[in-house]
Amino acid sequence: MKTPIHAVSTWVRRQPPKVKAFLAVVSGMAALVLLRFIVHDHDNLFVAAEAVHSIGISVLIYKLIKEKTCAGLSLKSQELTAIFLAVRLYCSFVMEYDIHTILDLATLGTTLWVIYMIRYKLKATYMEEKDNFALYYVLVPCVVLAVLIHPSTSHNILNRISWGFCVYLEAVSVLPQLRVMQNTKIVEPFTAHYVFALGVARFFSCAHWVLQIMDTRGRLLVVLGYGLWPSMVIISEIVQTFILADFCYYYVKSVFGGQLVLRLPSGVV
């Protein structure tokens with residue numbers, strides 16, 4: 001006998017792309033409404049995003065140390081992550097130093113360690129032929145966008161462009177990892193847990209911004225600056241969430257189905 005979750009999953013899978021997109025939007029809005037009533041201090045959502053991200057990194061570190069393999073991981077995604085974190089740290093030091101600077105420094109340190117492990121210690125298990133996403137596909141557009149649309153503060157123009165660059169790059173830094181999973185079709189548990197944690201963290205971060213805008217009735221956008229920059233910040237948060245939404249759906253489906261290894265159908269990424 002089919003479980004209700006399996007029956008719903010089967011029904012959703014049979015729907016055309018437009019219906020799936022509509023259902024995804026409705027589900028996202030429903031989740032935001034639920035969070036608005038459950039979480040009274042919406043700053044806690046940002047803390048939750050950082051906490052879930054830390055859990056994801058911990059799973060990744062466990063995989064590299066205990067399993068002694070980096071199979072299924074994208075070195076290029078880790079390198080993009082290191083780039084935007086390094087740029088954001090620079091901006092934090094020269095523009096607005098706060099607690100998030102410490103968190104970014106810790107994340108950058110672990111990311112550099114992961115890069116070192118993949119490049120040198122576990123190089124034999126690195127699936128280089130699968131990690132074939134061309135980085136200039138994301139780096140060049142991010143640079144162009146940052147030059148054209150960046151914060152409208154009183155800081156040095158280079159600092160403002162750098163801040164815009166790290167916001168845009170963070171939104172798409174996971175794309176090489178998704179390409180690796182698309183090429184392999186099979187995602188082992190620890191990698192799946194790590195990517196799912198990224199998806200949940202980015203949803204919480206996106207929810208934090210959206211609910212803050214709702215609570216301030218749009219005044220937060222004015223605080224962020226003028227021109228297109230405030231809108232681009234929100235769009236970047238939404239893009240980060242939707243990039244991983246499809247993978248998260250198949251992850252949840254796999255977990256409820258009792259599958260230890262996640263198998264992705266064609267066209268998921």
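## Order of the elements

From the N terminus on, the elements of the protein chain run α-α-α-α-α-α-α-α-β-α-α-α-β. That makes eleven helices and two strands; here helices are DSSP runs of H or I with at least four residues, strands are runs of E with at least two, and both are numbered from the N terminus.

Please keep in mind that this is a predicted model, where local features need pLDDT of at least 70 and side-chain atom pairs count only at pLDDT 80 or more, while totals for chains, interfaces and linings use all residues. Residues are numbered from 1 along each chain as its sequence is written, and side-chain values use heavy atoms, with hydrogens and water left out.

How much of the protein chain is buried? Of its 269 residues, 44% are buried (under 20% relative accessible area; exposed is over 50% and partly exposed lies in between, with a 1.4 Å probe and protein chains only). The accessible surface comes to about 14,500 Å², and carbon and sulfur atoms hold 68% of that surface.

Now look at contacts, meaning heavy atoms within 4.5 Å. Among those with a separation of 6 or more, 77% join residues 24 or more positions apart.

Find helix α4 (residues 75–94) and helix α7 (residues 157–172): their axes come within 9 Å and cross at roughly 145°. Axes are lines fitted to C-alpha atoms over the stretch in contact, and angles run from 0 to 180 degrees between N-to-C directions.

The residues that make this contact include Leu80, Ile83 and Phe84 of α4, along with Trp163, Phe165 and Leu169 of α7. By type, the contact residues divide into eleven nonpolar, three polar and two charged (nonpolar: Ala, Val, Leu, Ile, Met, Phe, Trp, Tyr, Cys and Pro; charged: Asp, Glu, Lys and Arg; polar: the others, Gly among them).

## Aromatic rings

The whole structure holds eight aromatic pairs. Rings of Phe, Tyr and Trp (its six-membered ring) pair if their centres lie within 6.5 Å; planes under 30 degrees apart are stacked, over 60 edge-to-face, and the rest tilted. Phenylalanine 203 and phenylalanine 204 have ring centres 6.1 Å apart and planes at 50°, so this pair is tilted. Phenylalanine 203 is partly exposed, at 23% relative accessibility.

Another tilted pair is phenylalanine 247 with tyrosine 251, at 6.4 Å centre to centre and 35° between the planes. These two sit four residues apart in helix α11 (residues 229–256), so about one helical turn separates them. Both phenylalanine 247 and tyrosine 251 are buried. Elsewhere, Phe133, Tyr136 and Tyr137 form one aromatic cluster.

Note on methods: Areas by Shrake-Rupley, 256 points an atom, 1.4 Å probe, with all protein chains shown as cover.
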